[in-house]
Amino acid sequence: MFQNQPTTRASAAITYLEAIRAAQHKLLTDDPRVFIYGQDIADFGGAFKATKGLAKEFPGRVLDSPISEDAQVGMAIGAAIEGMRPIIEMQFADFSTCGYTQIVQHAATLHWRTGVPCPIVIRLPSGGTAGAGPFHSQSMEALYAHYPGIVVMTPATVEDAYTMLLEAVEIDDPVIFCEHKYLYYHLKADALPTVALPTGKARVARPGRDATIATYSAMVHESLACAAELAKEGWEIEVIDLRSVKPLDTDTILASVSRTGRLLAVGEAFPWGGVTAEIVARVATEGFDLLDAPPMRLNAKDTPVPYHPNLWGTHRPTATSIIAAMRRLLKA
Amino acid sequence: MSQARASQSADKNQERYLAVYRWMLLSRVLEEKLSSLYRGGKITGGVFLGRGQEALSASLGTALRKGDIFAPLIRDMAGRLAFGETVLNATRTYLGSRLGPMRGRDGNIHRGEPARGYYAMISHLGAMVSAVAGGLFARRLRGETGVVGATCVGEGATSTGSFHEGLNMAAVEKLPLVVIVANNQYAYSTVNARQYACADLVQRAAGYGVPGYKIDGTDPSACIEVVHEAVARARAGEGPQMVVADLLRLVGHGEHDDFNYMSHALKVSPIGRDSLDVARDQLTTAGWATPAQLDAMRDQAAAEVEEACGTAIREPLPDPNTEDWCAIHTRRLAEGNQL
């Protein structure tokens with residue numbers, strides 16, 4: 001597990017968003033192969049300011065693109081073939097569907113077909129926030145994880161947002177980096193880490209013995225809130241932060257289920273298929289004998305993501321709905 | 001121009017034309033062989049030929065240099081060979097040889113050697129425009145100058161969003177990209193009237209703010225002159241260039257296709273000419289080659305093709321038991337059945 005080694009004064013709290021900016025700053029400083037291409041990211045600093053000030057400090061390497069997600073990704077693929085390490089910022093994860101062909105048909109197949117690696121990183125500002133509505137709230141991780149040839153990261157902490165983005169650029173394959181917009185400002189850490197768990201290893205975010213919640217991204221925090229609440233009643237809920245959904249650390253999930261006998265998989269994405277279905281399928285096929293109760297899944301509802309907070313707050317899983325699901329699981 | 005310089009220039013034109021003709025011929029002979037292998041059941045999957053489009057494709061291939069970037073499309077055998085692909089590697093990919101660049105993992109026209117700037121097309125049309133632009137962007141970031149990137153599309157691909165996004169982006173970045181549009185009148189079976197509504201596709205160049213050139217794609221000397229000029233301008237830093245050539249696909253979309261939908265009027269119209277025949281006429285009329293010399297070139301091409309096919313057909317095929325079923329380069333991050 002990463003260790004916090006303060007690189008700045010402890011009083012200067014660093015947000016998840018600032019960690020992403022800091023990682024990009026470090027990458028641009030350390031690696032001349034890195035450049036960033038996205039909409040409104042140069043002088044404007046990005047819709048969320050994840051590239052604030054970088055265009056000025058690194059002239060010609062942080063560039064505004066036309067509103068052309070397909071061309072943004074295609075451009076990154078060509079640059080990667082020529083040995084660069086492009087980072088593409090999608091303004092919102094939702095818009096990455098406009099670049100889907102280049103990602104899943106071109107980038108994902110390049111190494112398998114030709115033997116030439118395709119080291120591109122595509123940052124997807126993901127997940128819901130109040131009032132964002134159907135087209136600025138989606139969680140796309142399962143769509144990309146479905147395709148061979150892609151790594152999909154889903155950091156849930158400030159530390160992971162920083163170290164996993166650094167690692168994403170090092171990786172010789174296309175990486176979809178799902179950074180959660182809800183966590184941008186809500187999460188803070190005292191300092192940026194210098195050591196990290198490698199991608200592919202899940203983290204036990206909270207140990208427990210009565211049931212396992214396997215989850216990722218913003219849902220880690222809703223699940224931790226659930227565990228804290230149920231702890232008041234004496235339940236010890238283990239929360240696994242998957243960190244990446246592809247690769248998916250099945251070993252850590254199975255080890256947890258072997259201790260608890262109960263599994264709840266929680267995700268913010270739509271319910272059909274997806275990460276939670278994959279988790280349950282793997283535990284059912286590889287660890288059926290470890291289970292004391294049928295495994296459960298909790299996802300968003302099977303509708304577009306609603307605009308109004310009254311609806312949105314119920315559409316996605318929250319600590320409240322996770323607690324309700326967990327109570328059913330504990331009784332099963 | 002002095003007489004000596006005029007003669008030097010004529011020599012250069014003759015040399016360039018003969019080089020283009022050689023690639024046209026080699027492409028034609030190889031494709032005829034591939035067609036016959038397909039009919040003989042030796043090739044699995046599709047065979048897609050460039051018959052009728054060789055002059056345009058070879059003109060581009062000869063205008064490019066080693067170190068340039070080239071993303072051909074399905075009817076560019078001539079350009080691929082001119083850009084340095086060997087007859088053996090082209091044949092290997094069609095026959096599925098494990099020793100070819102695609103190793104049986106992909107086939108026919110979906111081939112390339114990206115490590116040397118020869119990009120491997122995906123089937124999604126227009127997708128290579130932005131990829132070549134990205135390759136050029138990378139070269140520029142590294143401080144390389146004098147590099148050109150080129151890609152070929154048909155009129156059908158100009159209807160895609162990828163084509164539009166890619167060319168627009170390249171124009172914004174003023175990249176040295178040459179886009180060749182082979183307007184062969186049919187996108188598979190779809191006629192131009194159902195594909196676009198502007199009077200001529202070359203009009204679109206103005207919309208992107210790039211120079212547009214219009215040529216008769218059945219006229220090799222026009223193809224050579226215009227395509228080489230477009231490439232030279234891109235190389236000189238004048239930004240993206242778009243060339244639209246009118247011609248006719250003289251074969252089906254693939255060898256499985258009898259193209260019975262093709263209009264007879266078009267077949268007998270000037271764009272229905274076979275550019276290889278036109279080249280032969282132009283070369284002999286100019287006195288740059290005798291019919292006997294051109295026949296000897298064909299024999300030489302046939303011998304080269306026979307030798308490559310004889311080699312490739314004996315090579316090992318992909319083996320599912322020894323295949324490396326891992327789609328990613330970073331093996332520690334591989335997961336699933338292959339572990």
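A: Helices (H or I, at least four residues) are DSSP runs, numbered from the N terminus, as are strands (E, at least two). This is a predicted model, where local features need pLDDT of at least 70, side-chain atom pairs count only at pLDDT 80 or more, and totals for chains, interfaces and linings use all residues. Residues are numbered from 1 along each chain as its sequence is written, chains are lettered from A and ligands numbered from 1 in the order in which they are written, and side-chain values use heavy atoms, with hydrogens and water left out.

Q: In which hand does α1(B) pass α2(B)?

A: The crossing is right-handed. Helix α1 (residues 3–39) and helix α2 (residues 54–63) of chain B pack at about 125°, their axes 9 Å apart.

Q: Which residues of α1(B) and α2(B) meet?

A: Contact means heavy atoms within 4.5 Å. From α1(B) come B:V20, B:W23, B:M24, B:S27 and B:R28, and they meet B:E54, B:A55, B:A58, B:S59 and B:T62 of α2(B).

Q: How do I find empty space?

A: Rolling a probe the size of a water molecule over the atoms shows where empty space is left. On a 1 Å grid over the protein atoms alone, a cavity is a set of points where a 1.4 Å probe fits but cannot get out, and a pocket is an open set with protein on both sides within 12 Å along at least five of seven lines; lining residues have an atom within 4 Å of a point. Grid points are joined across faces, edges and corners, and a volume is the space filled by probe spheres set on the points.

Q: How much space lies in the largest cavity?

A: About 70 Å³, with A:W312 and A:H315 among the residues that line the largest cavity.

Terms used:
Axes fitted to C-alpha atoms, helices over the stretch in contact; angles between N-to-C directions. Left-handed = near helix turned anticlockwise from the far one by under 90°.
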